[in-house]
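Here are my notes from going through this one.

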Amino acid sequence: MATVVRMDSAGGPEVLYCTEVAIGAPGPGQVKVRHEAIGLNYADTYFRDGTYPIPMPNGLGVEAAGVVEALGEGVECVAVGDRVTYTGFINTLGAYSTERLIDASVLIKVPDDIPLTTAAAMTMRGLTSAYLMTQIHPFKAGDTLLLHAAAGGVGSIVSQWATLLGIRVIGTVSTEAKRQAALAAGCAEVINYSESDVVSAVRDLTGGQGVDVVFDSVGRTTFEQSLDSLRRRGLMVCVGTASGTIPPFDPQLLAMKGSLYLTRPALADYIADPAEKQALVDAILGHVRSGGIKIDVNQVYRLEDAAQAHRDLESRSTTGCSIFVV
């Protein structure tokens with residue numbers, strides 16, 4: 001029997017509960033994976049609260065790492081005993097579990113020198129950071145990036161990656177402790193938005209010009225601040241909506257604020273092609289294995305604590321990466 005986290009309806013963290021289920025044998029193209037660690041991502045809260053509608057009842061979680069225990073017919077890309085990780089969207093939903101069946105095609109082999117706890121913490125965040133740093137904008141040394149939620153899981157990886165490329169990162173955070181974490185991750189300057197006006201601070205730090213690019217994972221409460229922090233013809237990247245979805249707006253606003261560019265990318269569209277996915281995997285694994293990027297696992301939970309883990313995530317009391325361990 002496997003322990004899984006389920007929910008019967010969308011709602012707050014209280015809808016999550018643990019139960020025992022029989023997994024069975026893998027079907028054609030599937031494998032059975034025994035999880036050792038499971039990623040906790042802000043996107044999980046969108047599935048839970050109904051922002052991303054899914055059939056009910058359902059499981060939760062889209063990222064985990066573990067060991068292959070059984071193969072279904074036709075599976076040749078992995079073998080029993082392989083250490084693997086995965087992430088995705090609907091096709092990987094149900095990761096909050098001690099073991100599961102999953103399509104072999106989504107699996108990524110984990111090198112022996114990377115702990116499975118690290119793999120579970122870095123797969124979604126690392127691949128997201130990889131496409132942001134390599135596919136969204138032709139970054140070059142000397143560029144300036146405004147990074148919201150700079151002390152978070154993606155923020156800490158992006159900060160380190162950008163520093164390796166010679167990019168100046170201006171981070172935003174909500175507390176002094178998070179400011180210190182963001183500085184340690186590589187931010188050149190960090191703005192505490194609970195104490196300072198972000199737009200004024202950014203303009204002061206850039207000689208009035210604004211930044212080249214903004215990575216905004218907060219959404220509703222930071223959208224206009226982000227636009228106002230850009231230089232003429234700068235790029236606004238809406239990475240997430242932790243504070244709520246962005247209200248509809250007239251595209252003329254982008255022209256009025258300096259002929260700005262705006263994009264709302266999703267990881268699924270950058271890992272749909274196997275070759276593109278592998279390139280992102282190689283990029284993040286290369287930096288982690290060389291020591292250029294460190295993955296900070298700062299919060300560790302049990303599956304039984306899923307509701308509390310979601311409360312901590314939504315209250316913005318976490319830093320770095322969070323995982324469940326089995």
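1. Ground rules. This is a predicted model, where local features need pLDDT of at least 70, side-chain atom pairs count only at pLDDT 80 or more, and totals for chains, interfaces and linings use all residues. Numbering starts from 1 along each chain as its sequence is written, and side-chain values use heavy atoms, with hydrogens and water left out.

2. The six-stranded sheet. Helices (H or I, at least four residues) and strands (E, at least two) are DSSP runs, numbered from the N terminus, and two strands pair if DSSP finds at least two bridges between them. With that in hand, look for the open sheet ordered β11-β10-β9-β12-β13-β14, whose six strands pair in parallel. The edges are β11 (189–192) and β14 (261–263); each has a single partner strand, so one side of each has no neighbour in the sheet. On average, neighbouring strands here are turned by 15 degrees against each other, direction ignored.

3. Contact here means heavy atoms within 4.5 Å.

4. The three-stranded sheet. This open sheet runs β2-β1-β4 with antiparallel pairing. β2 (17–21) and β4 (58–59) are the edges, each with a single partner strand, so one side of each is left without a neighbour in the sheet. Strand β1 (residues 2–7) pairs with β2 over five bridges, antiparallel, and V4 stands opposite T19 in β2.

5. β6 and its partners. Four of the five residues of β6 (residues 83–87) are buried, meaning under 20% relative accessible area, with exposed over 50% and partly exposed in between (1.4 Å probe, protein chains only). Strand β5 (residues 63–71) pairs with β6 in the antiparallel sense over five bridges, with A65 opposite T85. Two bridges also join β6 to β8 (residues 108–109), again antiparallel; there V84 stands opposite K109.

6. Cores. Which residues touch the most other members of the largest nonpolar core? They are V31, L107, F215 and F324, out of 81 residues. (A nonpolar core is a set of buried Ala, Val, Leu, Ile, Met, Phe, Trp, Tyr and Cys residues joined through side-chain atoms within 4.5 Å.) Helix α2 (residues 116–134) gives the most to this core, with eleven residues. Beyond its neighbours within four places in sequence, L107 has contacts that include V31, V84, T85 and I102. A second, separate core of 16 residues includes A201, V214, F223 and C238.

7. The largest pocket. Its volume is about 1100 Å³, and 48 residues line it, with Y42, A43, V154, S217 and G240 nearest the centre. On a 1 Å grid over the protein atoms alone, a pocket is an open set of points with protein on both sides within 12 Å along at least five of seven lines, and lining residues have an atom within 4 Å of a point. Grid points are joined across faces, edges and corners, and the volume is the space filled by probe spheres set on the points. α2 gives the most to the lining, with five residues.

8. Backbone checks. Most residues other than glycine have a negative phi, and most peptide bonds are trans. The M56 to P57 bond is cis, with omega near -5 degrees, and P57 sits in the loop between α1 and β4. R233, in strand β13, has a positive phi near 65 degrees and is exposed at 52% relative accessible area. R316 has phi near 60 degrees, also positive; R316 lies in the loop between α10 (306–314) and β16 (321–325) and is partly exposed at 31%.

How values were computed:
Axes fitted to C-alpha atoms, helices over the stretch in contact; angles between N-to-C directions. 1 Å grid on protein atoms, 1.4 Å probe; cavity = no way out; pocket = protein on both sides within 12 Å on 5 of 7 lines; lining within 4 Å.
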